[in-house]
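Q: Let us look at one protein chain and ask what its labels rest on. Please show the sequence and the structure.

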Amino acid sequence: MCNQLKVACFKLRHFWLLTLALPGMVGIGFSYGYIKLADAGYDIYDAFRETCSDTSFAFLLVLVSAWFIGSDFSNRTIHHEITLGYGRWSILLIRELCAYLSAAVLHVAYVVFTMLGTGSITGFSGRGFGPQDVLWCIVILLQLAALQSITVLITFVCAKAAAAIAASVCFAFITCNLLRNYFDGPVFTKSCFCFARNHDYETLILAGIAAVLTWMAVSALTYVIFRRREIK
């Protein structure tokens, strides 16, 4: 499994779409903070609150993951790993980890550079930040992992890059963008499709539990489907 992880991380670091998406998120974040938030009088903590729970670019995070994992089906990398005797559970976990890492890097880059763009105009200060914000970030990262586990599920069901990309991006856009604008109930706002909107403990605890349960259930379902499927 260690060798699998090394190879997967090497491929992820050199994945061309991630290489393009990362500076794109950096530029979007900095521009958003510099042009819009700073002009509105926001400080860096306001910028943090504005972006850490923002799912506007979830479709992009999903696109990168679906393309990366789907390519391993299309170029028969997963077939070769099975032939070499690697366990299907380790194959699945490696892909989930890669999907999570790529999404986490892109989302963190967006948040950090929005804060930098805002701070470059309004100044840098630690005012407003507290211990609860650390927990808030952890919960959002858990929700991001749950969301990416669904992307992995879709990709393993499709088993083709093009189909996985189309299905995953449509799913993410509908759930994380469209539905977010119309549903405000306690169930949806605690799901992985709507990152925790504030740092009160009740919200964070419920959202964190929901994220962990979602990840466990979806990962188990993906494994069952993957184990029963013949990979050619």
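A: Start with Arg 76, which sits in the loop between H4 and helix H5 (77–83). Helices (H or I, at least four residues) and strands (E, at least two) are DSSP runs, numbered from the N terminus. This is a predicted model, where local features need pLDDT of at least 70, side-chain atom pairs count only at pLDDT 80 or more, and totals for chains, interfaces and linings use all residues. Residues are numbered from 1 along each chain as its sequence is written, and side-chain values use heavy atoms, with hydrogens and water left out.

Q: Why is Arg 76 called partly exposed?
A: Buried means under 20% relative accessible area, exposed over 50%, and partly exposed in between (1.4 Å probe, protein chains only). Arg 76 has 35% relative accessibility, so it counts as partly exposed. Arg 76 also has a positive phi of about 70 degrees, although it is not a glycine.

Q: What makes Ala 159 buried?
A: Its relative accessible area is 17%, and the limit is under 20%, so Ala 159 is buried. Ala 159 lies in the loop between H7 and H8. Its phi is positive, about 60 degrees, yet Ala 159 is not a glycine.

Q: How do you know what span to expect for helix H7?
A: The expected span of a helix is 1.5 Å times one less than its number of residues. Helix H7 (residues 131–158) has 28 residues, and the expected value is 40 Å. From first C-alpha to last, H7 reaches 42 Å, close to that expected value.

Q: Why is His 107 called buried?
A: Its relative accessible area is 6%, and buried means under 20%, so His 107 is buried. His 107 is in helix H6 (residues 88–122). Contact means heavy atoms within 4.5 Å. Not counting residues up to four places away in sequence, His 107 touches several residues, including Asp 54, Leu 61 and Phe 195.

Q: What makes a space a cavity?
A: On a 1 Å grid over the protein atoms alone, a cavity is a set of points where a 1.4 Å probe fits but cannot get out; lining residues have an atom within 4 Å of a point. Grid points are joined across faces, edges and corners, and a volume is the space filled by probe spheres set on the points. The structure holds two cavities of 30 Å³ or more. The largest has a volume of about 40 Å³, and its lining includes His 107 and Tyr 110.

Q: How many residues of each class line the second largest cavity?
A: Ala, Val, Leu, Ile, Met, Phe, Trp, Tyr, Cys and Pro count as nonpolar, Asp, Glu, Lys and Arg as charged, and the others, Gly among them, as polar. The lining has six nonpolar, two polar and no charged residues. H7 gives the largest share, four residues.

Note on methods:
1 Å grid on protein atoms, 1.4 Å probe; cavity = no way out; pocket = protein on both sides within 12 Å on 5 of 7 lines; lining within 4 Å.
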